[in-house]
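Dear colleague,

Please find below the structure that I am handing over to you, followed by an account of what was found in it.

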Amino acid sequence: CSMQTHTISPTLPFRQYRQNKKTQIATMSSEEPNTAVVLIGNDIFFKPGSNAISATITKREDLSTCLESKAEPSSLDSFHLIMKASSVPTLFDPDALSSFVPLLRPSAEVIVHIMDNPGEEDIDTVKVAL
């Protein structure tokens with residue numbers, strides 16, 4: 001059984017959104033490159049490196065807040081969202097991506113990984129969100 005991964009990287013920068021609530025944020029060094037990895041769904045067997053900030057969500061409504069207490073504003077150089085194609089319609093919330101914008105540095109890289117042969121509809125859903 002082979003597993004395929006489809007990676008989507010936006011060609012345009014994220015739209016800018018205003019952060020509308022204050023949260024308690026863990027302090028991180030702004031000198032070191034920081035990576036965040038968000039896994040969508042229970043059935044992804046991936047362990048991010050020890051230096052990466054990570055979160056696993058199993059409910060659609062948790063995506064927008066999963067990094068609130070783990071990263072400070074403008075601290076992330078790299079953001080990875082990893083999910084199976086079957087999770088796109090049920091667990092992926094396109095509107096939640098805007099909540100990560102305040103956490104990204106201006107030159108941050110945003111990469112979405114969709115595993116298990118995503119259909120065009122799944123890919124388009126993610127592209128529109130970016």
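The largest nonpolar core of this predicted model has 29 residues, and those that touch the most other members are L63, L67, F79, L81, M83 and F92. A nonpolar core here is a set of buried Ala, Val, Leu, Ile, Met, Phe, Trp, Tyr and Cys residues joined through side-chain atoms within 4.5 Å. Buried means under 20% relative accessible area, exposed over 50%, and partly exposed in between, with a 1.4 Å probe and protein chains only. At least two residues of this core come from each of β2, β3, β4, α1, β5 and α2. These elements are DSSP runs numbered from the N terminus, where helices are H or I with at least four residues and strands are E with at least two. A second, separate core holds six residues, among them V37, I44, I82 and M115.

Leaving aside residues up to four places away in sequence, L81 is in contact (heavy atoms within 4.5 Å) with V38, I40, L63, F92, L97, I111, V112 and H113.

In β3, the bridge partner of V38 is A55. Two strands are said to pair if DSSP finds at least two bridges between them. β2 and β4 pair in the parallel sense over six bridges, while five bridges join β2 to the parallel strand β3 (residues 53–57). Strand β2 (residues 35–40) has five of its six residues buried, so it is largely enclosed by the rest of the structure.

The loop between β3 and β4 contains S75, which is buried at a relative accessible area of 2%. S75 and A36 lie 39 residues apart in sequence, with their C-alpha atoms 9.8 Å apart in space.

Turning to the aromatic rings, the count comes to one pair. Rings of Phe, Tyr and Trp (its six-membered ring) pair if their centres lie within 6.5 Å; planes under 30 degrees apart count as stacked, over 60 as edge-to-face and the rest as tilted. The ring centres of F79 and F100 are 4.6 Å apart and their planes stand at 35°, so this pair is tilted. F79 belongs to strand β4 and F100 to the loop between α1 (88–91) and β5, 21 residues apart. F79 is buried at 2% relative accessibility, and F100 is buried at 2%.

Which charged residues form salt bridges? Two salt bridges were found in a search of the whole structure, each being a side-chain nitrogen of Lys or Arg within 4 Å of a carboxyl oxygen of Asp or Glu. One joins the side chains of D77 and R105, at 2.8 Å from N to O. D77 lies in strand β4 (residues 76–84) and R105 in strand β5 (residues 104–115), so the pair ties together parts that are 28 residues apart in sequence. D77 is partly exposed at 22% relative accessibility, whereas R105 is buried at 16%.

K84 forms a salt bridge with D116, with the closest N and O atoms 3.8 Å apart. This pair links K84 in strand β4 to D116 in the loop between β5 and α2 (120–129), 32 residues apart. K84 is buried at 15% relative accessibility, and D116 is partly exposed at 30%.

Residues are numbered from 1 along each chain as its sequence is written, and side-chain values use heavy atoms, with hydrogens and water left out. Because this is a predicted model, local features need pLDDT of at least 70 and side-chain atom pairs count only at pLDDT 80 or more, while totals for chains, interfaces and linings use all residues.

Yours sincerely
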